[in-house]
Amino acid sequence: MARRSGHASPATAREGLNDLDDKRVKSIRPLIPPQILMEDFPLTMKAAATVLEGRKGAEEIVSGEDDRLLVVVGPCSVHDVKAALEYAKLLKAYADEASDDLHILMRVYFEKPRTTVGWKGLINDPQLNGTFQINKGLRLARGLLLEIVRLNLHPPDETLADLGPPSSNRPQWVFLQDASSSTLSPLSTPPISFLGELLVPGVSFLPSPPAKN
């Protein structure tokens, strides 16, 4: 009688490993690397100066160096890029008019992390139909941020969710942070995740105070 080997075949080993991770994940599609997204949608020197101006203004108000009021206004969750740009153009006119008294940031949120059912946001589901074309969502989101910055507006973002299954741990923040004037944490959001605790000390700008939705 032939003696049975104690070693599994490569195919059997792969199947066994597949049974260990992401058991409730239907499929995994590779995310575009952040560096490639930034190369496809680059931040110009002029746009970078606008972002820095927005960050500096927010930091000086929060620290008490500037007595203007910091105002965050805009859509809770962007679902229509064209409509968001129309809103930005209208807001820009008022932001210029009120700049002596107000430092206005246009809130631009791309995810709905507190939503347990239904649509999960522009990045996760840009088609609004459950197809979860995240790479398309990332391109739309970054493109919109850059268009808003070109208007000399300062868009903060709410960066809470990870993109991908639990084994990927890739936060949305790394794709968009260079074009954001601040990051906000809503009062209605549960305590920040462990991954968020690790990321926040490394952000290149001052997180704004909690925002009430």
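**Around helix α3**

A: To begin with one detail of this predicted model, G64, which comes just after α3, has a positive phi of about 90°.

Q: Which residues of α3 are buried?

A: The buried ones are A47, T50, V51, G54, R55, G57, A58 and I61. Seen down the axis of α3, these buried residues lie within an arc of 160°, so they line one face of the helix.

Q: OK, and which residues are exposed on the other side of α3?

A: On that other side, the exposed residues are M45, K46 and L52.

Q: What covers the buried residues of α3?

A: The cover includes the strands β1 (69-73) and β2 (102-106), together with the helix α5 (134-150).

Q: Switching topic, what pLDDT does the protein average?

A: The average is 79, and 68% of the residues score at least 70.

Q: Which elements have the lowest and the highest mean pLDDT?

A: Among the elements of the protein, helix α7 (residues 194-199) has the lowest mean, at 56, while helix α4 (residues 81-97) has the highest, at 97.

Q: Where does pLDDT stay under 50?

A: One such stretch is residues 164-169, for which the model has 8 contacts beyond four places in sequence. Residues 207-213 are also below 50, and that stretch has 21 contacts in the model beyond near neighbours in sequence.

Conventions:
Residues are numbered from 1 along each chain as its sequence is written. This is a predicted model: local features need pLDDT of at least 70, side-chain atom pairs count only at pLDDT 80 or more; totals for chains, interfaces and linings use all residues. Side-chain values use heavy atoms; hydrogens and water are left out. pLDDT is the predictor's confidence in each residue, from 0 to 100. Helices (H or I, at least four residues) and strands (E, at least two) are DSSP runs, numbered from the N terminus. Contact means heavy atoms within 4.5 Å. Buried means under 20% relative accessible area, exposed over 50%, partly exposed in between (1.4 Å probe, protein chains only). The arc is that of the directions from the helix axis to the C-beta atoms.
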